[in-house]
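Open the structure in your viewer and keep the selection tool handy. We will walk through it stop by stop.

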Amino acid sequence: MSLATVYSRALDGLAAAPVTVEVHLANGLPSFTVVGLADTEVKEARERVRAALQNSGLSFPANKRITVNLAPADLPKEGGRFDLPMALGLLAANGQIDAARLARFECAGELSLAGEVRAVRGALAMALALRQDGGERELLLPEASAAEAALVDGLVVRQARHLLDVVAALQPDGEALPRAAALTRAAACGQPDLADIKGQAGPKRALEIAAAGGHSLLLVGPPGTGKSMLARRLSALLPALDDEAALESAAVLSLAGQFDIARWGQRPLRSPHHSASSVALVGGGSPPRPGEISLAQHGVLFLDELPEFPRAALEALREPLETGRILISRAARQAEFPARFQLVAAMNPCPCGHLGSPLKACRCSPDQVSRYLWGSKVRAPLSKLLRQLLQSWRLQPPRDAWTDFTGSCQRC
Ligand SMILES: [Zn+2]
């Protein structure tokens, strides 16, 4: 047979849409063509597949006209995840492995030139999508990615280290590949806890209330008062994640290649630096990737030095804070990512940080303070809080800023 079909999946936001990899060998001028909206990385697979087959001692049909079609053709495909399906398709079309056995699998994996099977992003999203579609096939994944896919109940996940292992298992009388073992959940202990902090009764109580009610929290205070230390302990106060929520949170991290199996079941804590762009914060790019708000799914997003964040980045937080999701639209595609996180922010009360401090005098002029607070990007939802703070310190912002803050919007 000179035509083979292999099943795989492309990442499309958190959804992993089915992709059929068709490989056709024909007589004619020798060539190797990949069609079906493949990006550069996928097209480079030709070189990796050729080298992996040759270095593994398998025969590469170099004198044939090879066409690989990734269907559906309108779905963008990226990354090295189609290396393994392409190699297996070539081998099946060439009669070196059993096509009927191959049809029982959905597979993904990047190949090294020596034929090792390397990890892919989004293995968990792939497993979740397969289960949602009925889960008839088994999953065949690189060893480094199989453990996270095995977290999804009701699926058979097989793992492979080398292309030759897969080829051996896909012979008519081959022995099945080993199953990936599902991991038990990491204990929540080891996370920083409020018990480590002496004193600070007020902020501790605020954290407890925020944890109980799922409220956002802004910590304002001079440098060195423990704002970051307190904020990092919020996730330990939150109740344990149930399995579905833990899977959802892990799946987003796995999409970005940042899922650590040792932290399975723990709530994520993301603390992007204030130089983060709005794309890094809310997600974006082409193809769309999740941002920090989605990577903090069911966990805590900690923004230290809040006024230093670019205004566009803070504005972009508003919608996901209300809806718990973010829809990223690009000319060609849309992708939706979950973004249900608890926001904890910290800031200094003024540029030097010592406004209102009984220990050290503030060196800032009233003008600098007002620009820092009112001219900054910290907008309406925080305005009441800031006003109360200033009143408690017997400070008055300039008149025009005051009206800008208390009245309706002055610009639009
Ligand atoms: Zn100051």
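Which residues of H10 are buried? Before you select them, note that this is a predicted model: local features need pLDDT of at least 70 and side-chain atom pairs count only at pLDDT 80 or more, while totals for chains, interfaces and linings use all residues. Residues are numbered from 1 along each chain as its sequence is written.

**Stop 1: helix H10**

Select residues 243-255, which form helix H10. Helices (H or I, at least four residues) and strands (E, at least two) are DSSP runs, numbered from the N terminus. The 13 residues of H10 reach 18 Å from the first C-alpha to the last, close to the 18 Å expected at 1.5 Å a residue (the expected span is 1.5 Å times one less than the number of residues). Now colour Leu247, Ser249, Ala250, Ala251, Val252, Leu253, Ser254 and Leu255: these are the buried residues of H10. Buried means that 20 or more other C-beta atoms lie within 10 Å of the residue's own; exposed means 12 or fewer, and partly exposed lies in between, with C-beta atoms placed from the backbone. Among the elements covering them are strand E1 (3-12), helix H4 (123-132) and helix H5 (143-149). After H10 comes Gly257, with a positive phi near 70 degrees.

**Stop 2: the nonpolar core**

Next, select Ala87, Leu88, Leu124, Ala125, Met126, Ala127 and Ala149, which touch the most other members of the largest nonpolar core, a set of 111 residues. Such a core consists of buried Ala, Val, Leu, Ile, Met, Phe, Trp, Tyr and Cys residues joined through C-beta atoms within 7 Å. At least three of its residues come from each of domain 1 (3-169) and domain 2 (194-348), with bounds from an automatic or database domain assignment. A second, separate core of five residues includes Cys350 and Cys362.

**Stop 3**

Thr33 stands opposite Thr67 in E4.

**Stop 4: an open sheet**

Finally, show the four strands in the order E10-E17-E14-E11, an open sheet with parallel pairing. E10 (217-220) and E11 (269-270) are at the edges with a single partner strand each, so one side of each has no neighbour in the sheet. Zoom in on Leu269, which stands opposite Val300 in E14.

Note on methods
Two strands pair if DSSP finds at least two bridges between them. Two residues are in contact if their C-beta atoms, placed from the backbone, lie within 7 Å.
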